Amino acid sequence: MTKLSQTEAPIYEALERFRQMRVVPFDVPGHKRGRGNHELVELLGEQCVSLDINSMKPLDNLCHPVSVIAEAEDLAAEAFGAAHAFLMVGGTTSAVQSMILTVCKRGDKLILPRNVHRSIINALVLSGAKPVYVNPDVDQRLGISLGMSVTQLEQAIIAHPDAVAVLVNNPTYYGICSDLSSIVKLAHGNGIEVLVDEAHGTHFYFSDDLPISAMAAGADMSAVSMHKSGGSLTQSSYLLIGPAVNAGYVRQIINLTQTTSSSYLLLASLDISRRNLALRGKEEFARVVALAEYARAEINDIGSYYAYSRELINGGSIFDYDVTKLSVNTIDIGLAGIEVYDILRDEYNIQIEFGDIGNILAYISIGDRKQDVERLVSALAEVRRRYQRDKTGLLSQEYIDPQVVITPQEAFYAPKESLPIDETEGRICSEFVMCYPPGIPILAPGEKITKQILEYIRYAKMKGCSLTGSEDPSIEVLNVLRGV
Amino acid sequence: MELWFSERHTPNVKLSIRVERQLFNGQSDFQRIDVFETKEFGRFLTLDGYIMLTEKDEFIYHEMMTHVPMAVHPSVERALVIGGGDGGVIRELTRYDSIKQIDIAEIDPMVVEVCKKYLPQTACKLDDPRVNIYFEDGLKFMRSKQDTYDLIIVDSTDPFGPGEGLFTREFYGNCYKALHDDGIMVNQHESPFYTEDAKACQLAHKHIIVNFPISRIYQAHIPTYPSGHWLFGFASKNYHPVHDLDAAAWNKRGIKTRYYTTRLHTGAFALPAYVEEFLENVEKEY
């Protein structure tokens, strides 16, 4: 096979060739290029539905790639500097779960920070691994969890020398980065594998001015949300692995839960987005950085808001900062982040990524225009003019050290009972409670419910956070272990 | 040979004007700019293919944007025009000796350059010593202004393209902040006739009424704009556009106009029933 160049997009090109062949479909999907579902064609357009086709020889098969998908994987691996890349169609969630299922068997210990995405703890429920939480430092002023410091990891390894892997979320949703290179060195020195949830870091691979990427730092596996900063369709993602990981085994793990009818819309979007970033990523992300820096300066000029950046770097828990992130602390306005988030949407028709207790995050990407940034900044100026109030009584977000009593898997499947939330203090939770977004659990299965946690849940509800994860959608009732 | 310019007013309606020749075509950082010469309308300017002004009917728009607030506010000294790089509103404003300072925030320097060269009829007063041109995004320009102006005239393009930020709640809020306690804001308010335009019109009205205690709409007939029926917004902190009209004072100034009169002023605020109704529907929500 001749070596392909990054100017090519093998899946997209195969779809084009296939279209020109005008093959008569007697296979699934049953809408048959949209002819059987006119409303769908009207909604999505003819071009789009005609690409919604099944795996077949000319188009390869994601479960066992041998031709165009294999080529697209090779090109992606090259573009990301990985030993191998897997195209994922079940979101970064499936990439994260595949990473954990690859390295952790039942009872294995995984070192991780608590401010991880729910998909990671879900993977613990699936695998039966034991979480060893490393306390991410919290910035008191901002009320956000920070990165994983090497010292804390060292302590965790000393306490749990039998841990098989460490998982780092890098960057965090807010843009905080850990010292990945040192973490890899320390972990590998102790025979521990390194997994990185790099959902918010696709752009690190295509810039010299941004924090180091997981593959460049020598991590073993990384889950990269191509659909976030990379520009591909929602739900499409990459799983990257380093040279020490067995690609064939990873494929088997992926195939345990991955669909056998993968969408070519998603696959083609990964393929052409990879090509775009390989060819033009550097300039594109330089533009994104410039736009984010501009917005940050303008927001800080308004007063009372704090749009933070590299000045936070402390050499440890904030080793680096992703300047494409526009994270803004709102506490001095006297409003919780979630309140600003709601006002921006309801009154100004501006949808931002999320608001938590003290911060908002506006996602700046390759699709943004300067004029829209002007709107965001002006709306924030107006929110301040119209709503600014005394900030007393605003709770700042604090890290609540989880007390893990049993593994997430044991707790999830154990006999349980439902109790009104106020009566659950001291019991062991068997389900998740989280604010969404950002989707970081307040409680996970197997953890003790404390007074502090209950207070936090009540406050978040009062401020309008959307709480999710539990069986009871209103979070009036929680499932706890029976008889414990 | 026949050369025709066409603009779609809706996906199903278009206005076509026979063109003698094209005088200018260029792409700025923000939009495509064209100037044509025609028998019927004289020269006209388009931005991204939409007619902004023609020499034949621009007086209607520019007079109505300017003289309506000027006949209500007793003492405008500092005025701001957002957009309006063609100079039409500026030309009208410079007719008032009492005005000491006229600022313009125009996003696109090429518009000014092209109008100075090809449309002196409107651009003729852009070099008046009282005029200061800031080439800046309107939203950005407004953000830092507080209690600065007596009058703000929002001479925007459309609620899509480079001008869309000028139809937003944050922009009108910034205008409120930039005005003195008796300040007035006048804005281009789209047309009530075609469905899409009417929606934009309702939305703009909604965003203005939440920001200003007084907000009334007035109208004019502009042949080259979609449907020919055009609306303007009059928003103020203090003055009512009809009750506070001082016709005698304005007429004493001796400004000669072709469309605006103080009698028409009052009538322009009397809207067709269907327009009143859809504006009231917006107001009821608040």
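Trainee: How many residues of domain 1 of chain B are in contact with domain 2 of chain B?

Mentor: Two residues are in contact if their C-beta atoms, placed from the backbone, lie within 7 Å. Here, 20 residues of domain 1 of chain B are in contact with 22 residues of domain 2 of chain B. This is a predicted model: local features need pLDDT of at least 70, side-chain atom pairs count only at pLDDT 80 or more, and totals for chains, interfaces and linings use all residues. Residues are numbered from 1 along each chain as its sequence is written, while chains are lettered from A and ligands numbered from 1 in the order in which they are written.

Trainee: Into which classes do the residues on the domain 1 side divide?

Mentor: Ala, Val, Leu, Ile, Met, Phe, Trp, Tyr, Cys and Pro count as nonpolar, Asp, Glu, Lys and Arg as charged, and the others, Gly among them, as polar. The side of domain 1 of chain B that touches domain 2 of chain B has 13 nonpolar, five polar and two charged residues.

Trainee: What about chain A and chain B?

Mentor: Eleven residues of chain A are in contact with 13 residues of chain B. Helix 13 of chain A gives the largest share of the chain A side, nine residues. Helices (H or I, at least four residues) are DSSP runs, numbered from the N terminus. By class, that side has four nonpolar, two polar and five charged residues.

Trainee: Is Phe412(A) buried or exposed?

Mentor: A residue is buried if 20 or more other C-beta atoms lie within 10 Å of its own, exposed if 12 or fewer, and partly exposed in between. Phe412(A) is buried because it has 22 C-beta neighbours inside 10 Å. Phe412(A) sits in helix 14 of chain A.

Notes: Helices (H or I, at least four residues) and strands (E, at least two) are DSSP runs, numbered from the N terminus.
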